[in-house]
Amino acid sequence: MNLLPVEIKVNIEGDVAAALSALGGTQDAMATRLIWFAEEAKGVAEGRLPLLNSGGIIRFRNGAASDDLTVKLRPCTVEQLIGRFSAAFKEEPLTYKIEEDWSSVGRVLAASAVRTCPPGTLSDAVEPGADPTAPIDATQKRFLSACGPAVPLDGLVALGPVLSTKADDVRLDDLEVDLETWSAVGLEFLEVSLRVKPKDEDDAEKLTGRAERKQRKLEDAVRERGVTLSENSENKTRRTLTALAQAGRTSLRR
């Protein structure tokens, strides 16, 4: 496998509005989206997240400009990614990518197949009682079948929505970062992220060293603005899905 891009993330919680302002984000200039995740209904009813726990993520995003449906494996291994899914490719409207996902608590490999759709396309799939797997296309299904977890994709339910706002390419010292807020069921997060792409002259050691320097600079730039980084060891997807599942479980009991 060739050298992979690295996505570096830091998470912030607490006073997200103040943190966003300190980092140069303005709520008015950010794109708003609604996000749902699919999970096994039986597992949710029992307080479990079988799909997420096996490394699978199915995510729906609805926005004013477009919708997108993502099928992701995180964490995954190089050995899982077989056949055509061993390397990134693009087949409009689908993009398949593999990247390293770095945070303060670790580094994992992630692979995702993202299909872009016209706005409103995915709304029916996340309605109560709908089948959230219906809009998954043939390539995404092959990706799950060939590389994904052994979790049946029937009997899934959509959990959400999460209100998301995002601004891309915000200047933070000499870095360009993306700012994304998530808000749902009493939780609120701000994620600051950047990507480090391999250069022609890179080998694994050079790329890793450059990414590590960028990670330090990102964390320092955030702290220097008086913003405290989250020390929670769980990522925002797991924490949000856990809360959504608990809310869904309570709803199912009624």
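Guide: Start with a turn between strands. In this predicted model, β3 and β4 are joined by a hairpin through 3 residues.

Visitor: How many bridges join β3 to strand β4, and in which sense do they run?

Guide: There are 7 bridges between β3 and β4 (residues 67-76), and the two strands run antiparallel.

Visitor: Which residue stands opposite R59 in β3?

Guide: That residue is F37. Strand β2 (residues 31-40) pairs with β3, again in the antiparallel sense, over 5 bridges.

Visitor: How should I read the side chains along β3?

Guide: The general idea is that side chains in a regular strand alternate between the two faces of the sheet. In β3, one set pointing the same way consists of G56, I58, F60 and N62. I57, R59, R61 and G63 point the other way.

Visitor: Next, salt bridges. What is the general idea, and how many does the structure hold?

Guide: Side chains of opposite charge can pair when their charged atoms come close. The structure holds 20 salt bridges. One of them is between E91 and R84, with N to O at 2.6 Å.

Visitor: Is E91 in that pair buried, partly exposed or exposed?

Guide: E91 counts as partly exposed because its relative accessibility is 37%, between the 20% and 50% cut-offs. R84 is also partly exposed, with a relative accessible area of 37%.

Visitor: Which residue does the side chain of E176 meet in a salt bridge?

Guide: E176 meets R171, at 3.6 Å from N to O. The relative accessibility of E176 is 44%, so it counts as partly exposed.

Visitor: What is the distance between the closest N and O atoms of D174 and K217?

Guide: They are 2.6 Å apart, in a salt bridge. D174 belongs to the loop between β8 (156-172) and β9 (175-184), while K217 belongs to helix α5 (residues 204-224), so this pair ties together parts 43 residues apart in sequence. Both ends are partly exposed: D174 has a relative accessible area of 45%, and K217 has one of 37%.

Visitor: Which residues do salt bridges that share partners join into one network?

Guide: The network consists of E7, K9, R74, E99, D101 and R195.

Visitor: Last, the buried side chain. Where is R115 found?

Guide: R115 is in strand β7 (residues 106-117). Its relative accessibility is 14%, under the 20% cut-off, so R115 counts as buried.

Visitor: What does the side chain of R115 reach?

Guide: It reaches the backbone oxygen of P135, at 2.2 Å. Leaving aside neighbours within four places in sequence, R115 has contacts that include D67, D68 and L69, as well as P93 and L94. Also in contact with R115 are P135, I136, D137 and Q140.

Visitor: Where in the protein chain is confidence lowest, and where is it highest?

Guide: Confidence is lowest in helix α6 (residues 236-253), with a mean pLDDT of 80, and highest in α5, at 98. The protein chain averages a pLDDT of 93, and 97% of the residues score at least 70.

Methods. Residues are numbered from 1 along each chain as its sequence is written. Side-chain values use heavy atoms; hydrogens and water are left out. Buried means under 20% relative accessible area, exposed over 50%, partly exposed in between (1.4 Å probe, protein chains only). Helices (H or I, at least four residues) and strands (E, at least two) are DSSP runs, numbered from the N terminus. Two strands pair if DSSP finds at least two bridges between them. A salt bridge is a side-chain nitrogen of Lys or Arg within 4 Å of a carboxyl oxygen of Asp or Glu. A polar contact is a pair of N or O atoms within 3.5 Å; within protein, one must be able to donate a hydrogen and the other to accept it, and residues adjacent in sequence count only if both atoms are side-chain atoms. Contact means heavy atoms within 4.5 Å. pLDDT is the predictor's confidence in each residue, from 0 to 100.
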